[in-house]
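Look over the sequence and the fold, then read the points below.

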Amino acid sequence: MNETSVTIVGNVLTDPKSRRTAEDVRVVSFRVASNERRFDKASGEWVDGDRLFVTVTCWRRLANGVVASLSKGDPVMVTGRLYTRGYEVEGQKRSITELEATAVGPDLSRCSAELVRVRRSASEDAPAAVEGDSPPVVPAQSTGAEQESERPALEVVGSASS
């Protein structure tokens, strides 16, 4: 109930790695770096600020979409539950910041994307596409003038004086 939900905007640092749990559930993880950029009034230039490195974990359908769509270097926005996990290496205590993602998408302020909808299957962990199916058809984008010419003409019914 009292989860820490955050959205991180950054770049994918590592290619997504896919694995399966003992219950055969797909899990994908990758690292994201978020770098603060701020304007330094004294120098009149943009400078780098603090950095945040987070391991992102995605489950089931989200994992399928991430592994099919993202790769190292892609600009992303990730929303989910933030937590810190502690562990020990050679007697030294360490911690790592992790984000269990509920949504992952491209940062459209820094890239463009083509949306391809996939058909849902009975299982949330099923593959995104069935072998032998034809690929989804993505309509080409039309210009504003083409969209305007495709709209039906409006008819005026009645008059203002009636």
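The structure holds five salt bridges. A salt bridge here is a side-chain nitrogen of Lys or Arg within 4 Å of a carboxyl oxygen of Asp or Glu. This is a predicted model, where local features need pLDDT of at least 70, side-chain atom pairs count only at pLDDT 80 or more, and totals for chains, interfaces and linings use all residues. Residues are numbered from 1 along each chain as its sequence is written, and side-chain values use heavy atoms, with hydrogens and water left out.

**Salt bridges**

- Glu 100 and Arg 81 meet through their side chains in a salt bridge (3.2 Å, N to O).
- That pair links distant parts of the chain: Glu 100 lies in strand E6 and Arg 81 in strand E5, 19 residues apart.
- Strands (E, at least two residues) and helices (H or I, at least four) are DSSP runs, numbered from the N terminus.
- Glu 100 is partly exposed, at 29% relative accessible area, and Arg 81 is partly exposed at 28%.
- Buried means under 20% relative accessible area, exposed means over 50%, and partly exposed is in between (1.4 Å probe, protein chains only).
- Asp 107 and Arg 110 form another salt bridge (2.9 Å, N to O).
- Asp 107 counts as buried because its relative accessibility is 6%, whereas Arg 110 is partly exposed at 41%.

**Strand pairing**

- Strand E1 (residues 5–12) runs antiparallel to strand E5 (residues 75–89), and seven bridges join them.
- Two strands pair if DSSP finds at least two bridges between them.
- Ser 5 stands opposite Arg 81 in E5.
- E5 also pairs with E6 (residues 92–106) in the antiparallel sense, over 14 bridges.
- E5 and E6 form a hairpin with two residues between them, and Glu 90 in the turn has a positive phi of about 50 degrees.
- Val 89 stands opposite Gln 92 in E6.

**Helix and core**

- Helix H1 (residues 60–69) has Ala 63, Asn 64 and Val 66 as its buried residues.
- These pack against strand E3 (26–40), strand E4 (45–59) and E6.
- The largest nonpolar core has 15 residues, of which Phe 30, Val 32, Val 56, Cys 58 and Val 78 touch the most other members.
- E1, E3, E4, H1, E5 and E6 each supply at least two residues of this core.
- A nonpolar core is a set of buried Ala, Val, Leu, Ile, Met, Phe, Trp, Tyr and Cys residues joined through side-chain atoms within 4.5 Å.
- Beyond its neighbours within four places in sequence, Phe 30 is in contact (heavy atoms within 4.5 Å) with residues including Val 12, Val 66 and Val 104.
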